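Please read this briefing alongside the sequence and coordinates.

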Amino acid sequence: AVIQSSSATTVMVVGFVNAGIMTLKQAIGVIMGANIGTTVTAQLVSFDLTGMAPVALGVGIILYLFGNKPRIKNIAEILIGFGILFTGMDFMKMAVEPLRDYQGFTDLLVTFGRYPLLGLLLGFGITAIIQSSSASMGMLVALAAGLVPLSAALPILYGQNIGTCVTSLSSSIGANKNARRAAMMHLIFNVLGTVIFLIFLNKPVVSMVTSWDPSNVARQIANTHTLFNIISVLILLPFTNLIIKLAIKLVP
């Protein structure tokens, strides 16, 4: 939640396991927690806070320039980061607005809603390329302002959760067996969560988030993202030993 990146947290975990500081049993708990923590970014982005962005940016820059203590400079960096994040999202919203009038693009999004596997692959591809589920989630939420229907957004969202595993898998190349197993556990966990949601929980969760915010698709996507990760953890937490055993089998 603090560094707003499950990818970065998981890469650190892989490093700790490689160094022998953490066991696989400890690592899987941190990986599950990282998946919940990364939902904070989507929640922040889904609120319309663009009016606060210039204020945060201005205050942050002043504090950074004139602050003498390291603590003040750290607070300034947080404010600058917050301001840049929401300013960037505002630019992204303006940039994609012309796509609303382009029939080909809207038809493509409807296709993703009709064929979830295509949306899943798109979400996976985007996140694997930019190596950040937080950034790709932010893009999806930005596009949701009247462009992406919830039915089309959800398969992309689930694909993003699998795509974020590419970073930890890449970081485990050349590491020891246990580090590769830790990265594999991240992939297993996210794939199992996606399968459970696509087959069993998609409709109940959609009806739940729609009832909370009937007209705001951005909030619906952010809430689904949060529910996806929390429910996945609650369901799979009792099966951590089985996930570890499966990772050991896949990386013998």
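In this predicted model, the axes of helix 8 (residues 133–143) and helix 12 (residues 217–236) come within 8 Å of each other and cross at roughly 150 degrees. Because angles over 145 degrees count as roughly antiparallel, helix 8 and helix 12 are roughly antiparallel to each other.

**Helix 8 against helix 12**

- Helix 8 passes helix 12 in a right-handed crossing, and the contact is made by M137, L140 and V141 on the side of helix 8, with A218, I221 and H225 contributed by helix 12.
- The residues of this contact between helix 8 and helix 12 comprise five nonpolar and one polar, with no charged residue among them.

**Helix 13 and its two faces**

- In helix 13 (residues 240–250), the residues T240, I243, I244 and A247 are buried, and, seen down the axis of helix 13, the buried residues fall within an arc of 100 degrees, so they line one face of the helix.
- An α-helix has 3.6 residues a turn, so residues three or four places apart point the same way.
- The buried residues of helix 13 pack against helix 2 (24–37), helix 11 (177–212) and helix 12, whereas the face turned away from the buried side of helix 13 carries the exposed residues L242, K245 and K249.

**Helix 3**

- Helix 3 (residues 39–46) is mostly covered, with six of its eight residues buried, and the buried residues of helix 3 are T39, T41, A42, Q43, V45 and S46.

Notes
Residues numbered from 1 in each chain as written. Predicted model: local features only at pLDDT ≥ 70, side-chain atom pairs only at ≥ 80, totals over all residues. Heavy atoms only, no water. Buried < 20%, exposed > 50% of the residue type's maximum accessible area, 1.4 Å probe, protein only. Helix = DSSP H or I, 4+ residues; strand = E, 2+ residues; numbered from the N terminus. Axes fitted to C-alpha atoms, helices over the stretch in contact; angles between N-to-C directions. Parallel < 35°, antiparallel > 145°, perpendicular 65-115°, else oblique. Left-handed = near helix turned anticlockwise from the far one by under 90°. Contact = heavy atoms within 4.5 Å. Nonpolar A, V, L, I, M, F, W, Y, C, P; charged D, E, K, R; others polar. Arc of directions from axis to C-beta.
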